[in-house]
Amino acid sequence: MSVQEYLEKHLLSRKIEEAVNAAVRAKAPDPVLFIAGHMRRAVPAVITKVRARQILDGHGAPAVEVELHTNKAVHRASAAGAGAPEGAAADSAGDSERRKILARAVADAVRVINDKVSEALVGMDPQQQAQIDQAIMDLDKARHKAELGANAMLAVSIAACKAGAAEKEVPLYKHIADLVGKSAATLPVPAITVINGGKHAGNGLPIQEIMILPVGAKNFEEAMQMGSETYHHLKDIILEKYGAESSNIGDHGGFAPNISSISEGLDLVIAAIERAGYNGRIKLAIDVAATDFCAGKKYDLEFKSTKSGQNFKSADDMIEIYSQLCSEYPLVSIEQPFDKDDWEHSKKLTTLELCQVAGDDLLMSDPERIKRAVNEYTFNALVLKVNQVGTVTEAIEVVKQAKDAHWGVMVSHRSGDTEDSFIAELAVGAAAGQIKAGAPCRGECLTKYNQLLRIEEELGSDGVYAGENWRTASTS
């Protein structure tokens, strides 16, 4: 398109005249700056190109970063690491080979984005999120988005969402709220990791995480203060009881003391809460990640010790263990308590109504699996990992689906996340009520929490901390 054709298409002569008149009426102290801003708003934004590159995630593994260019600005986004490679080759490979497979997958995704995705999106209005996401989805018809990859699709979708917010001149969380169709802004309760175990730490603790939820805080700022203070008191207690070698941290920044039982870990956290002076104001949560120690239909709580294979627990035994923990501790949420295919016992535990039972591996943030879980009352909460979904539009629909079923929604980071803070904006914009972003430690975790602190400051009195309503935050 020639310059003359562009001028005529966008009626720029008329718009320049309008901008000059507006500057005169406003008595602008800097007319040139005023006119430039007026013209910038007068010309609609369009996507001009999309470019991707390989970066490193929080584990130093390959991940995809995207820069989406419009005729006005450049918007950058990245999604969590691409996850474990699938297939026979990946299953038989060692860590080094899996990393090479992952690097090849990321390189392929970068090429597809720079070629097919960019070509498909050029000329589109960044405010039309649903149309952009549909165009991205149309490029990948493979099962589970295997051709392009959900991580790569999400990075493009997030970058477009940021561009849409910029064109509307509103914060990203407000743009997301508009896409959701809600008006209230809700700051989520952080599920802060304080102890790591399972495959995320080298200790004997079988479950993956012990978390604290500062539901008794008056706002998000106080919640993070309470969480951080408790975290550091926990470190002191671990040093006193186990020595300096036990104060190392796991994958999500939680401490990894040399413990082997869930109750021993919970006792440490309760002691830290009491020492910090927040007894009764902080609740506990665990991410069991039970698939990691499931063998057939049995569970090996000693899978990381020399006793592995000698004392299996049945799924019913696990229900007894969870019931006892809920009776002895202020435990309000249990994530993925059984194997990824165990619908029966997930339902059994949920129907006891002991606490929030959140689905992760079994649901995979998949609408069809969520629908079945709602109908069968398999869970009462969703762990939303947006890179399992693929696009912002699909993530929003999944949140609505869970909220319509009166489920809790925990927006979650991924192991080896990037420094992109999008999930913080999503948790606020979609009024999720809960966010899981790791410990108050490690850059990829803190970027989410720090962004939420900024959002709360920006909202002022319009911001509401979910607090005791962490499971029932409304999207209306």
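This is a predicted model: local features need pLDDT of at least 70, side-chain atom pairs count only at pLDDT 80 or more; totals for chains, interfaces and linings use all residues.
**Entry 1: a lysine and its partner**

I started with Lys-162, which is partly exposed at a relative accessible area of 22%. My cut-offs: buried is under 20% relative accessible area, exposed is over 50%, and partly exposed is in between (1.4 Å probe, protein chains only). Residues are numbered from 1 along each chain as its sequence is written, and side-chain values use heavy atoms, with hydrogens and water left out.

Which side chain does Lys-162 meet in a salt bridge? I found Asp-420, at 3.0 Å from N to O. A salt bridge here is a side-chain nitrogen of Lys or Arg within 4 Å of a carboxyl oxygen of Asp or Glu. The pair links distant parts of the chain, 258 residues apart: Lys-162 is in helix H7 (residues 150–168), and Asp-420 is in the loop between strand S14 (408–412) and helix H16 (422–429). Helices (H or I, at least four residues) and strands (E, at least two) are DSSP runs, numbered from the N terminus. Asp-420 counts as buried, at 11% relative accessibility.

I searched the whole structure and got 21 salt bridges. Side chains of opposite charge can pair when their charged atoms come close.

I looked up Arg-53 and Glu-65, whose side chains meet in a salt bridge at 2.7 Å, N to O. Arg-53 is in strand S1 (residues 47–56) and Glu-65 in strand S2 (residues 62–70), twelve residues apart. Arg-53 is partly exposed at 35%, whereas Glu-65 is buried at 10%.

Then I checked Arg-372 and Glu-376, with their closest N and O atoms 3.0 Å apart. They are four residues apart in helix H13, so about one helical turn separates them. Arg-372 is partly exposed at 37%, and Glu-376 is partly exposed at 31%.

**Entry 2: the listed binding site**

Which residues does UniProt list for "binding site"? The unreviewed entry gives Asp-287, Glu-335 and Asp-360. Such annotations may be inferred rather than shown by experiment; the positions are in the numbering used here, and feature names are shortened. The three span 74 residues in sequence, yet no two of their C-alpha atoms are more than 9.4 Å apart, so they gather at one spot.

Asp-287 sits in strand S7 (residues 283–287) and is buried at 2%. Beyond four places in sequence, its contacts (heavy atoms within 4.5 Å) include Glu-335, Gln-336 and Lys-436.

Asp-360 is in the loop between strand S12 (356–359) and helix H13 (367–376).

**Entry 3: the domain and a glutamine**

UniProt lists residues 184–473 as "domain: Enolase C-terminal TIM barrel" (unreviewed entry). I noted 39% helix and 19% strand for that span, and its end C-alpha atoms lie 10 Å apart.

Last, I looked at Gln-451 in helix H17 (residues 443–459). Gln-451 counts as buried at 16%. Not counting residues up to four places away, Gln-451 touches Ser-421, Ala-424 and Glu-425.
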